Amino acid sequence: MVVVGSDVHKRTHTFVAVDEAGRKVGEKTVKAVPKGHDKAICWAREQFGDDVTWAIEDCRHLSARLELDLLDAGERVVRVPPKLMAEQRRTARTRGKSDPIDALAVARAALREPDLPVATHDEASRELKLLVDHREDLVGQRTAVINRFRWHLHRIDPTLDPTPRSLDRAKTRAHLRGVLADLSGIDARLARELLEDIEALTVRANALEKEIAVLVADRVPALLDLPGCGPLTAAKIVGETAGVDRFATEAKYAMHAGVAPIPVWSGRTHGRVRVNKSGNRQLNAALHRIAVTQIRHDGPGRAYYRKRLDAGDSKTEALRALKRRLARVVFQTLKNNSSTTSATGLAAAA
C-alpha cells in the first residue's frame, strides 16, 4: 500500500508518496487546477498501481476542489488535520519547512493514524455551508455600515440614535429615512446613502435566511425538532459537520466539535478535566447556542443542567456537560436522518 500525502496551496499542490514503512518513494508537484489533479492521479496510478490512499491536509478552502476531483476518479481520500501534520513535521529528523516536507508529514501522519475521517461527496452540506457563510458575511457588512451610520446620526443629533438591533426592522429604517429627508449637510447626505446600503444588505440577508430555512426543513427536519435549534443553527451544524457518516462514533464527532472534555488528572485528582479548545469552533458555537437556549426554558436540557449543578458542578462545567450531551443527540439525529434519506433515494447530506 502507498499513501500519497499532499501540501495544498492556491496555485500549486505538492504530493509525496510513502510506502508502508513511511519511506519516501515519489514526489510530484502540479498546478492547482483540474488538469493538474488529473496529472497527479495518472502519476500515482502509473507509479504505484491501484492500492493508493490519498492523504489531504484538511484545509477545505484550498483542498475542496482537489478532493472532489479525486473522488470523481474513484480514489480513496482521507483528511489529515493540520495539527497532526505539524506534530509529525516537528518530530521528523528533517529540518526546516517546504512543500515536500509538509506533504511527507501529511502522508506519515495518515500512516500513523488509521482512523482518520474518509472524504465523501457532500454537496448538500456544502451548499448549506456556503449559503450560511455568505449570509454571515452580509450581516457583518451590515454591522459595519450601521456603525458608520450611527456616527453620522450622532453628529447630526444625538437624540436620533435608534435602539440597539433595531435597524434590521423596516419600520425603524422608514422613520429615519423620513427624518433625514428634510436635513441638509454632508452628514445627512452620507447617512441617507448608508441607510440605503443597510436596506439592501438586510433584504439580501433576509432572502438568504428564508432560502436556508426551506433547505433545512427539506433535508434535516429532525434537527428543527431539537429544542433551541432554529434553521440557521441547524444549517450551521449540517454545513460544519460535512457528512456525519465520516465519523465512526459519537465520541469522535464530539471531539471534532470541540466539546469532548480533555482529561487532566493524576493520582488523587482522578476525574479532573479541562475545556477542549480545539475542534471546529463554528460547530462548537452552534451547540453552545442550543445549550444556552435550552437552559432558559423548561425541558430535558434544563433538567440535565440542574442535575449537574446539584451534583456539584459549576455553571461552566454544567454547561460544558450539556454541550457534550447535545453532541450525542445531534450525532444520532444526523445519523438517523442520513439513513432515512438514503433509504428513500433522496439526496443525502452525507
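Partly exposed describes a residue whose relative accessible area falls between two cut-offs: under 20% is buried, and over 50% is exposed. Keep that scale in mind while reading this predicted model.

Start with charge. Side chains of opposite charge can pair when their charged atoms come close. This structure holds 24 salt bridges.

Take Arg 177 and Glu 199. They form a salt bridge, and their closest N and O atoms are 3.2 Å apart. Arg 177 sits in helix H6, while Glu 199 sits in helix H7, which covers residues 186-219. The pair therefore ties together parts that are 22 residues apart in sequence.

Some salt bridges share partners. Lys 129, Asp 133, Glu 136, Lys 236 and Glu 240 are joined this way into one network.

Next, look at Glu 113 and Arg 112. Their salt bridge has its closest N and O atoms 3.7 Å apart. Glu 113 is partly exposed at 30% relative accessibility. Arg 112 is partly exposed too, with a relative accessible area of 36%.

Now find Asp 161 and Arg 150. Here the closest N and O atoms of the salt bridge are 2.6 Å apart. Which parts does this pair connect? Asp 161 lies in the loop between helix H5 (123-156) and helix H6 (170-181), and Arg 150 lies in helix H5. So the bridge ties together parts that are 11 residues apart in sequence. Asp 161 is partly exposed, at 44% relative accessible area.

Leave the charges and turn to the nonpolar cores. The largest one has 53 residues. Which members touch the most others? They are Phe 149, Leu 223, Ile 237, Tyr 253, Val 330 and Leu 334.

Follow Val 330 as an example. Set aside its neighbours within four places in sequence. Val 330 is then in contact with Leu 223, Leu 226, Ile 237, Tyr 253 and Leu 287.

There is also a second, separate core. This one has 20 residues, including Val 8, Ala 40, Ile 41 and Phe 48.

How values were computed
Residues are numbered from 1 along each chain as its sequence is written. This is a predicted model: local features need pLDDT of at least 70, side-chain atom pairs count only at pLDDT 80 or more; totals for chains, interfaces and linings use all residues. Side-chain values use heavy atoms; hydrogens and water are left out. A salt bridge is a side-chain nitrogen of Lys or Arg within 4 Å of a carboxyl oxygen of Asp or Glu. Buried means under 20% relative accessible area, exposed over 50%, partly exposed in between (1.4 Å probe, protein chains only). Helices (H or I, at least four residues) and strands (E, at least two) are DSSP runs, numbered from the N terminus. A nonpolar core is a set of buried Ala, Val, Leu, Ile, Met, Phe, Trp, Tyr and Cys residues joined through side-chain atoms within 4.5 Å. Contact means heavy atoms within 4.5 Å.
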